[in-house]
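I opened this entry to keep track of what I looked up, item by item.

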Amino acid sequence: MTAFKTLSVAMLKGFVRDKVTLFFTFLFPLMFLVIFGLVLRDAGADKTRIALVGDGPIVSALRDSGALEFESYNDVDAAVQKVKDGDLPAALIIRGQQVDVRFAQSDQVQSATVLGIINGFVDRANLAATGQPPTFTFAAEKVEDASLKPIQFLTPGILSWGVAVSAVFGSALTLVSWRRKQVLRRIRLAPISTASVLSSRILVSTGVALVQGATFIGVASLPVFGLQLSGQWWLAIPLLLLGTIAFFALGMLVGAFAKTEEAASAAANIVVLPMAFLSGTFFPVDQAPAWLQTVSKIFPLRHMNDGMLDVLVRGKGIEALVVPGAILIGFSLVVGFVASRVFKWEE
Amino acid sequence: MTEERSAVVVRDVRKSYGDLKAVDGISFTVAEGEFFGILGPNGAGKTTTLEIVEGLREPDSGEVRLLGESPWPRNVKLLPRIGVQLQATAFFDKLTAKEQLQTFGALYGVSAGTAADMLELVGLADKANEQESKLSGGQRQRLSIACALVHDPDIVFLDEPTAALDPQARRNLWDVLRAIKERGKTIVYTTHYLDEAEILCDRVAIMDTGKILALDRPAVLVRGLDAPTHVTLQKGVLSVVDASELDGVDEAHEDEVSLTLSTRRPAPVLSALAERGALDGLQVRTATLEDVFLNLTGREYRA
């Protein structure tokens, strides 16, 4: 037990003191999170801004609805000039009971949206003015749909990817470096079981994965990014552990074939990068073509991602862990077995 | 020497890699407490021999007994009793000298305090908190020897511990090796420095191309050569002709700086030189293990 503890501490120290590894484990994925989080922050949430001259009940109703945003002008010519310049799609001009809209023809979709919204409010005001009850009634209600705000899919995606990268690189590089420096042979000459050495290294990797999880979720929850975790976010913890073990096994396989640290790092990149792109790390995979979605199902990262999304932001319960969990365990067993077959103690 | 008292017994061990006979039928025994050297040029088969004895490789044929047991396949009972320093300096990443020792110690269940004490033995107490990568070549070698000794083994295997060290570092290491021997450990070590083996070892095995060419105490090997003693003088104190006529001189020759006489009876030669007052720049060189190697292989020793 003390050997296990000392080995774990030694490997943890080695990890913490290696600045390059720290960078690629924490800062590098965080950079992606911050950049994508900021770039995509307002995507899909843009409201149309139009010029406004005058005021009245119609404007108040529009303002309350939040359907449009306004830029106020004192004279009509300046407002219309803004439209002519292409800076704003339309100008709303109120003179008493008269409501005029001047719009740009270049973007017909946007113009139609603006005209439709304003028209709706004018009609409703007219109806209210007649004092008649409406013949048809209309009610709208929000539905939680599958599409998510960017930060909501970015955080689980980048977390899974960050964990995968550090587990694959961690195990592959440790294995190759220990083989090259003959640490492996030295360990073999000590009366300690391979299982102790392996499990202490996995313990360090899973510990790192948990710290990654806490860091990434913490940063994404800052008001500037605005991540909203769903109720059972802690279900992500078993998923993080299973994912770490699966990718650790993949790293052992890469490390068994690579002769040098450089080769191991290149091979790990070749394995991890395409997997990251196809598994929905940087964009939701449901936006990809159908065949690509099928292809992506062969990657364990895709399933880890799906599980993370389900438990972190989609509010699903423990049942969402079944499929990703089973796939990650199966992957660990198969890849781990192959890795143990091709494992070499020395060059 | 009975085999029960032997730390290492090797009988007719062979190991080939394809056509290359790395170890070609060698036999030797090492007594408990003995300092045993395996020497020879690079590629002689020293490291392979050591790895077979340590239990890292399986011999193609032959028998190895280590403290009375077979080291192959991996013999966990034997492992705590042997300490091994490998040719590459095998260390964990980014750990200090003290942490390296404690980590290796932990592999054998040695307490952290005991492990740290080893730094004293190899003279690295002041480098305890220095990262391994910041140590000099000699310091790193001494640390790796300390790591091999951390669990207080009975037999220590050292593979070229003095290779690639400057002369000062080599001499510091000799002191460490002598200190280990004084603790009663059996030491088996390889080197390609014949002079060093002559100074340190109780017995040496001279290897070349996978075979042991000679095995005995260094002094016995050298004496057995019946090689001439070389007396060197400053050039000009004596002419070559006068020198070759001195009693006992077999041969004399001269180069730009010195006159060298070969003799098998150095006493009359030296007294004759003293009588003539011709002792300027005197050097007397007797045969060394290098001459033994030259004699055995018919070629100059190239480490």
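**Largest pocket.** I sorted the lining of the largest pocket by class and got 15 nonpolar, 12 polar and 7 charged residues. I note here that the model is a predicted one. For volume I have about 890 Å³. Next I asked which elements give two or more residues to the lining, and found α1 (2–16), α2 (19–39), α6 (150–180) and α10 (261–278), which belong to chain A. α6(A) has the largest share of that lining, with 10 residues.

**Contact of chain B with chain A.** I counted the residues on each side: chain B brings 30 and chain A brings 22. Between chain B and chain A about 2,600 Å² is buried, and carbon and sulfur atoms give 58% of it. Which three residues supply more than any other three of the area that chain B buries against chain A? I found Leu56(B), Arg74(B) and Leu107(B), which supply 23% of that area.

I get 5 salt bridges between chain B and chain A. One that I looked up joins the side chains of Lys181(A) and Asp93(B), at 3.0 Å from N to O.

**Elements on the chain B side.** I checked which elements give two or more residues to the side of chain B that touches chain A: they are α1 (46–54), α2 (97–107) and α4 (137–149) of chain B. α2(B) gives the most to that side, 6 residues. By class, I find 17 nonpolar, 6 polar and 7 charged residues on the side of chain B that touches chain A.

I turned to backbone geometry because most residues other than glycine have a negative phi, and most peptide bonds are trans. Is the peptide bond from Trp72(B) to Pro73(B) cis or trans? I have it as cis, with omega near -5°. I placed Pro73(B) in the loop between β4 (61–66) and β5 (82–85) of chain B. Leu67(B) is also on my list, with a positive phi of about 50° although this residue is not a glycine. I find Leu67(B) in the loop between β4 and β5 of chain B.

**Phe331(A).** I located Phe331(A) in helix α13 of chain A, residues 322–342. Setting aside neighbours within four places in sequence, I find Phe331(A) in contact with Ala246(A), Leu250(A), Pro300(A) and Gly336(A). I also took a distance to Thr281(A), which is 50 residues from Phe331(A) along the chain: the C-alpha atoms are separated by 19 Å.

Conventions:
Residues numbered from 1 in each chain as written. Chains lettered and ligands numbered in written order. Predicted model: local features only at pLDDT ≥ 70, side-chain atom pairs only at ≥ 80, totals over all residues. Heavy atoms only, no water. Contact = heavy atoms within 4.5 Å. Buried area = accessible area lost by both parts, 1.4 Å probe. Salt bridge = Lys/Arg side-chain N within 4 Å of Asp/Glu carboxyl O. Helix = DSSP H or I, 4+ residues; strand = E, 2+ residues; numbered from the N terminus. Nonpolar A, V, L, I, M, F, W, Y, C, P; charged D, E, K, R; others polar. 1 Å grid on protein atoms, 1.4 Å probe; cavity = no way out; pocket = protein on both sides within 12 Å on 5 of 7 lines; lining within 4 Å. Points joined across faces, edges and corners; volume = space filled by probe spheres on them.
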